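Visitor: I would like to go through the aromatic rings of this model. Please show it first.

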Protein chains: 2
Amino acid sequence: MLVAKHQNTIENAVKANQSRTFYSQYPEHPKAYGDEAHAIGVQSYQQMLNKPFKQLLQTGETGWAGEEVSPYSGEVLGVTYPLFTVKDLIAKATEAGKAWAKVPVEQRAAVLTETLDKIRDHFFDIANATMHTTGQSYMMSFQASGPHANDRALEAIAAGYDEIRRYPGNLLWEKPMGKVSIKLAKSFHAIPKGVGVVIGCSTFPVWNSLPGMYADLITGNPVIVKPHPKAILPIAIAVSSIQQALEKMGYDPHLCQLAPDTSEHMITKELAEDPAVKLIDYTGGSSFGDYIETLKGKTVFTEKAGVNSVIIDSVKDLDAVIQNLAFSVSLYSGQMCTAPQNFFIPEQGINTNAGIVSFNEVVQKFKEAVEALVNNPKMGAGTLGAVQNERTLQRAKEAAQLGGKVILQGQSINNEEYTKARMFTPTIIELSSADNNIYEQELFGPIVLIIKTKDTKHSVQLAKQMAQKHGAITCAAYTTDPAVKEEIRDEMNSVFTPVSFNLTGFIWVNQHAAFSDFHVTGGNPAGNASFTNQEFILKRFVWVGNRELAE
Amino acid sequence: MLVAKHQNTIENAVKANQSRTFYSQYPEHPKAYGDEAHAIGVQSYQQMLNKPFKQLLQTGETGWAGEEVSPYSGEVLGVTYPLFTVKDLIAKATEAGKAWAKVPVEQRAAVLTETLDKIRDHFFDIANATMHTTGQSYMMSFQASGPHANDRALEAIAAGYDEIRRYPGNLLWEKPMGKVSIKLAKSFHAIPKGVGVVIGCSTFPVWNSLPGMYADLITGNPVIVKPHPKAILPIAIAVSSIQQALEKMGYDPHLCQLAPDTSEHMITKELAEDPAVKLIDYTGGSSFGDYIETLKGKTVFTEKAGVNSVIIDSVKDLDAVIQNLAFSVSLYSGQMCTAPQNFFIPEQGINTNAGIVSFNEVVQKFKEAVEALVNNPKMGAGTLGAVQNERTLQRAKEAAQLGGKVILQGQSINNEEYTKARMFTPTIIELSSADNNIYEQELFGPIVLIIKTKDTKHSVQLAKQMAQKHGAITCAAYTTDPAVKEEIRDEMNSVFTPVSFNLTGFIWVNQHAAFSDFHVTGGNPAGNASFTNQEFILKRFVWVGNRELAE
């Protein structure tokens with residue numbers, strides 16, 4: 001019955017994964033969820049504040065803790081979460097995994113899709129929780145932690161469903177041997193690797209966690225979700241929804257456990273190093289990610305830091321390009337892993353439909369566009385969101401001391417709704433190509449570097465070097481010359497970096513669409529995994545084939 | 001034209017990979033290749049002896065060397081091979097790879113299938129070369145290095161062809177946004193990872209190398225083949241056939257280079273550690289394999305050592321079972337990675353259709369069956385083949401000193417055709433379950449251990465432990481009880497070990513059929529890769545998606 005209920009959704013998602021054309025199961029516009037949804041979400045979020053989070057179906061906690069602070073209000077959320085020992089988490093995951101491993105993938109896919117529908121019922125509380133932990137704007141919080149995350153989860157379910165159904169479960173193998181034949185009854189089993197751990201980050205606590213969680217689950221593995229201690233609430237709501245749905249359907253809620261911890265006493269290493277843990281999904285800084293990648297006997301999926309480039313060669317309409325890029329660098333104050341940081345512009349300027357525009361003029365236009373956007377009373381605050389943590393704010397404040405020529409000094413601005421919001425507008429710094437000690441760093445947050453190059457070939461060379469040495473998740477390029485386009489594509493693709501060409505209007509390099517765009521290629525230092533290619537699924541189980549003489 | 005020529009073969013192979021039913025492109029019976037083939041093969045092999053191997057299309061050698069000795073005649077082959085510097089090999093591979101990466105996969109598949117057909121023309125010289133380097137019998141040499149290896153190569157070609165065609169190359173993505181829509185032209189590219197190195201072994205120099213070579217090539221990577229210095233000739237003939245076919249079709253023969261070295265001066269580490277090398281396929285001992293697996297920035301595919309178990313619980317016809325197992329342990333003197341080593345038999349004996357047979361009686365019957373087989377003038381020598389190297393012979397000779405009770409002492413036997421052949425029959429040793437220090441070792445060669453257990457549950461527990469700790473490629477199990485069968489399957493599969501149940505007659509646990517049986521699961525210490533699951537292909541390239549605003 002459950003299988004029949006979700007069959008269409010799953011089959012459509014499988015087709016979408018294959019065709020890579022536009023597809024979305026969960027509408028990204030809040031209005032699609034009814035007029036009441038927003039208000040109910042706000043209320044239900046507020047009711048969670050200043051009390052223990054008791055919606056999880058996990059017991060045996062050793063204490064309660066919580067330390068989240070809203071980047072908007074500056075106030076502590078006051079939500080506390082149950083703390084568990086690693087031993088307890090692993091034991092319960094292992095136990096829950098035994099039965100789950102034997103559930104046919106068609107049933108697993110239906111059960112998991114049902115859990116996504118239960119998460120959907122909480123999109124609006126999750127949106128509020130995301131806003132007040134990550135500093136994202138309300139709209140981004142809603143979309144990224146709600147429909148976009150659910151779409152990415154469904155993408156993983158569909159990919160797993162497809163992959164595990166690749167081979168027939170049972171078949172007769174018959175080898176002709178002259179007058180007789182040898183017959184073997186063969187069966188193929190996708191054996192889950194073991195306990196999975198998903199380590200979340202503070203900026204996209206749901207979006208970056210759901211794909212790994214659902215990839216573990218669809219392939220038959222139990223999963224333990226270790227959120228960032230500063231951004232627990234959004235994923236806690238998601239996990240509790242999953243647990244409640246699982247229990248209602250008669251499955252062990254410990255298939256998906258939350259493992260909150262505190263900055264004072266992090267359990268991440270203990271969890272990751274436990275021998276029972278075979279799968280780790282990680283989103284976060286490179287140094288911890290590099291450590292995760294060295295763990296023996298684990299299959300790991302990482303998304304770490306990168307340095308994203310913009311290559312400007314030639315454009316039709318410079319203003320449209322500049323508008324698009326000003327939005328890209330301002331969106332969530334440069335705290336997206338897809339945000340551009342390094343702009344490579346040739347010293348002789350840019351070819352446009354209106355003739356050559358000098359380097360200085362391009363820079364000036366860009367500065368003005370960013371200023372206009374962030375100071376626009378209707379657009380500014382909503383585009384920037386708030387800065388998630390003090391360290392990022394500090395980095396942004398000190399950006400002018402990095403070196404180079406400060407084109408635009410970022411500043412605190414006022415948010416009418418949240419007067420205490422931690423906000424800072426982008427700083428733009430002009431550098432020479434010799435300043436690689438500066439632009440080789442990932443400067444997470446609202447900091448943009450413009451590097452003057454000899455020509456586009458030089459720009460490409462530098463952007464390629466950055467991607468190869470430091471990783472890149474995106475590259476935006478602007479050119480009207482087909483030969484240049486091919487060169488940029490080939491060179492950046494050769495270091496496993498995707499290129500978005502000539503984006504203007506309401507589409508930005510920061511955005512990766514589920515079912516179509518791979519998020520992170522897995523081929524450069526920005527991460528070893530990709531949402532959701534087949535490797536993201538295949539590495540979570542092992543094909544084992546058994547044979548028996550058939551008579 | 002070439003694409004049309006091989007289209008059927010490739011499509012059939014794709015279907016076979018999917019259905020896992022019996023399929024073979026290259027007949028395994030020598031007679032299928034004509035009456036003359038054998039004699040021509042012998043002659044052409046003999047003409048290669050005692051001279052430099054000049055069939056390769058590689059230049060710039062720094063010297064010539066060769067050290068192969070026939071395990072049959074004890075004589076040096078006298079073939080010398082050109083030696084190249086690692087720098088030279090890498091430079092030529094990199095250069096050849098550039099154009100190859102841009103060849104569409106349909107064309108690559110056809111070109112590579114054409115090279116397999118050229119290898120087929122040399123099956124019989126390769127068979128002789130395999131026999132006189134590995135010690136395999138002539139029939140095994142022919143089948144393993146000829147049709148079976150080619151089938152495995154075609155399997156890899158088909159898997160790559162299928163995988164790279166998974167997504168449309170170009171598509172229009174259109175996102176509805178109310179009255180308007182956003183349109184992006186997207187393209188997906190499978191970008192090859194870089195230079196591949198395939199490190200061969202001395203026992204299956206072709207069979208274990210071809211899959212990695214063709215997996216590298218179909219996914220657009222150039223490959224360098226580093227054979228074992230004691231078993232170069234078989235793969236040298238294959239590589240030269242590939243090179244000649246490539247050149248004839250207008251492709252750079254350096255796409256597939258041979259990198260011979262000597263025991264005195266091995267270049268394996270230098271090759272493997274070169275930063276340009278991104279892919280490594282390795283077959284051989286565990287300690288070097290473990291080193292290969294730790295190399296940073298490489299994607300590695302290993303087949304290392306394991307300890308294969310036989311679990312005997314209950315049987316219908318004990319004699320048929322014993323015959324089958326006696327052949328399994330004798331075949332190529334236990335030098336197959338799939339050969340059983342540890343026999344777990346309960347102390348209370350075995351249920352059979354003729355009643356319970358005691359432990360001692362089972363052991364006695366097994367001893368007699370092995371003795372009868374190896375001393376059978378028509379069967380013995382051909383089944384055993386020769387022992388590839390002195391170290392294996394020494395290990396076999398000293399097996400009695402391992403401990404336990406010697407049931408059958410192996411001995412040198414006479415080969416009528418090759419009086420100097422390095423031959424040794426299996427030694428059978430009985431152990432108690434407490435002798436784990438003995439049976440936890442991989443005792444490569446003609447050594448069989450029979451371990452007396454408390455009951456089948458105990459047998460399963462020990463076989464599982466062995467697979468988990470030391471790796472296993474196969475497990476043979478005999479039971480007439482469905483519940484026991486399920487338990488054995490579940491327990492062994494949980495440590496990623498496939499089980500072959502109740503094999504009797506002309507099918508043995510040692511055999512893995514291309515297009516149907518995965519060879520090595522990749523899930524236990526016996527190796528991290530599998531011929532040929534999708535991971536074996538997918539990890540060799542990276543999906544990169546580009547986007548452009550469509551107007």
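Visitor: Over which ring does the charged end of A:Arg20 sit?
Guide: The model is a predicted one. A charge counts as over a ring if CZ of Arg is within 6 Å of the ring centre and within 35 degrees of the ring normal. The charged end of A:Arg20 lies 4.2 Å from the centre of the ring it sits over, that of A:Phe518.

Visitor: How far is the charged end of B:Lys485 from the centre of the ring of B:Phe501?
Guide: For Lys the atom used is NZ, with the limit at 6 Å from the ring centre. The charged end of B:Lys485 sits over the ring of B:Phe501, and its distance from the centre is 5.9 Å.

Visitor: How many aromatic pairs are there over all chains?
Guide: Rings pair if their centres lie within 6.5 Å. By this rule the count over all chains is 52.

Visitor: Is the pair of A:Tyr33 and A:Phe124 stacked or edge-to-face?
Guide: Planes under 30 degrees apart count as stacked, and those over 60 as edge-to-face. The centres of A:Tyr33 and A:Phe124 are 5.9 Å apart and their planes stand at 70°, so the pair is edge-to-face.

Visitor: How many residues apart are A:Tyr33 and A:Phe124?
Guide: A:Tyr33 is in the loop between helix H1 and helix H2 of chain A, while A:Phe124 is in helix H5. The pair links distant parts of the chain, and the separation is 91 residues.

Visitor: Is B:Tyr332 buried or exposed?
Guide: Buried means under 20% relative accessible area. The relative accessible area of B:Tyr332 is 1%, so this residue is buried.

How values were computed. Residues numbered from 1 in each chain as written. Chains lettered and ligands numbered in written order. Predicted model: local features only at pLDDT ≥ 70, side-chain atom pairs only at ≥ 80, totals over all residues. Heavy atoms only, no water. Phe/Tyr/Trp six-rings, centres within 6.5 Å; stacked < 30°, edge-to-face > 60°. Helix = DSSP H or I, 4+ residues; strand = E, 2+ residues; numbered from the N terminus. Buried < 20%, exposed > 50% of the residue type's maximum accessible area, 1.4 Å probe, protein only.
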